[in-house]
Amino acid sequence: MTVPMSKPPTLPKLRPVDSFVATGDDGEPCLVLRDPEGVARGPVFVPLALAPVVARFKGRHTTARIRAILLHDEGLDVPLDAIDDAARTLDDALFLEGPA
């Protein structure tokens, strides 16, 4: 039996969090998000390559629009699936505001 994946949030908006760069278990740098309010169960480790994606989770654009902005403004060709997965992961971990 396959469990269906949840839909990514329509307009992902990151809640106020602490963020810093650290070295992950694989030795690569990553962005660490920590919830100072304690709503989330623990920190989330985001690949550093996705930091520009997460920085645009401000509740103003769809994931498709975020992809277009990244491509136009920074020349970053981030697959839509990667942006959707990041939004879904952060939502499931309670790092995004509002309903999914």
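**Entry 1**

I opened with Glu37, which counts as exposed because its relative accessibility is 56%. My cut-offs are under 20% relative accessible area for buried, over 50% for exposed and partly exposed in between, with a 1.4 Å probe and protein chains only. Before going further I noted that this is a predicted model, where local features need pLDDT of at least 70, side-chain atom pairs count only at pLDDT 80 or more, and totals for chains, interfaces and linings use all residues. Residues are numbered from 1 along each chain as its sequence is written, and side-chain values use heavy atoms, with hydrogens and water left out.

Which residue forms a salt bridge with Glu37? I found Arg15 there, with the closest N and O atoms 3.5 Å apart. For a salt bridge I require a side-chain nitrogen of Lys or Arg within 4 Å of a carboxyl oxygen of Asp or Glu. This pair links distant parts of the chain, as Arg15 sits in the segment before β1 and Glu37 in the loop between β2 and β3, 22 residues apart. Arg15 itself counts as buried, at 10% relative accessibility.

**Entry 2: the rest of that network**

I then looked at Asp35, whose side chain meets that of Arg15 in a salt bridge of 2.7 Å, N to O. Asp35 lies in the loop between β2 and β3 and Arg15 in the segment before β1, so the pair ties together parts that are 20 residues apart in sequence. Both Asp35 and Arg15 are buried.

My search of the whole structure gave 6 salt bridges. Another of interest joins the side chains of Asp77 and Arg67, at 2.5 Å, N to O. Asp77 is in the loop between α2 and α3 and Arg67 in helix α2, 10 residues apart. Asp77 is exposed, with a relative accessible area of 54%, while Arg67 counts as partly exposed at 25% relative accessibility. Shared partners join the salt bridges of Arg15, Asp35 and Glu37 into one network.

**Entry 3: the strands**

For element names I follow DSSP runs, numbered from the N terminus: helices are H or I with at least four residues, and strands are E with at least two. I count two strands as paired if DSSP finds at least two bridges between them.

In which sense do β1 and β2 pair? Strand β1 (residues 18-23) and β2 are antiparallel, over 6 bridges. I checked two positions: Phe20 has Val32 as its bridge partner in β2, and Ser19 stands opposite Leu33 in β2. The hairpin of β1 and β2 has 5 residues between the strands, and Gly27 takes a positive phi near 85 degrees there. On to β3: 4 bridges join β2 to β3, which run antiparallel, and Leu31 stands opposite Val46 in β3.

**Entry 4: Arg34**

I stopped at Arg34, which lies in strand β2. Arg34 is partly exposed, with a relative accessible area of 41%. Leaving aside neighbours within four places in sequence, I see Arg34 in contact (heavy atoms within 4.5 Å) with Val17, Asp18, Phe20 and Phe95. Arg34 and Ser19 are 15 residues apart in sequence and 6.3 Å apart in space, C-alpha to C-alpha.

**Entry 5: the core**

Of its 20 residues, Leu33, Val46, Val53, Phe57, Ile83, Leu90 and Phe95 touch the most other members. At least two residues each come from β2 (29-34), β3 (44-47), α1 (51-54), α2 (63-74) and α3 (80-92). Which element gives the most to this core? α3 does, with 4 residues.

**Entry 6: helix α3**

I finished on α3, whose 13 residues reach 18 Å from first C-alpha to last, close to the 18 Å expected at 1.5 Å a residue. That expected span is 1.5 Å times one less than the number of residues. The buried residues of α3 are Ile83, Asp84, Ala86, Ala87, Arg88, Leu90 and Asp91. Their cover includes β2, β3, α1 and α2. Just after α3, I noted that Leu94 takes a positive phi of about 70 degrees.

Conventions:
Core = buried A, V, L, I, M, F, W, Y, C linked by side-chain atoms within 4.5 Å.
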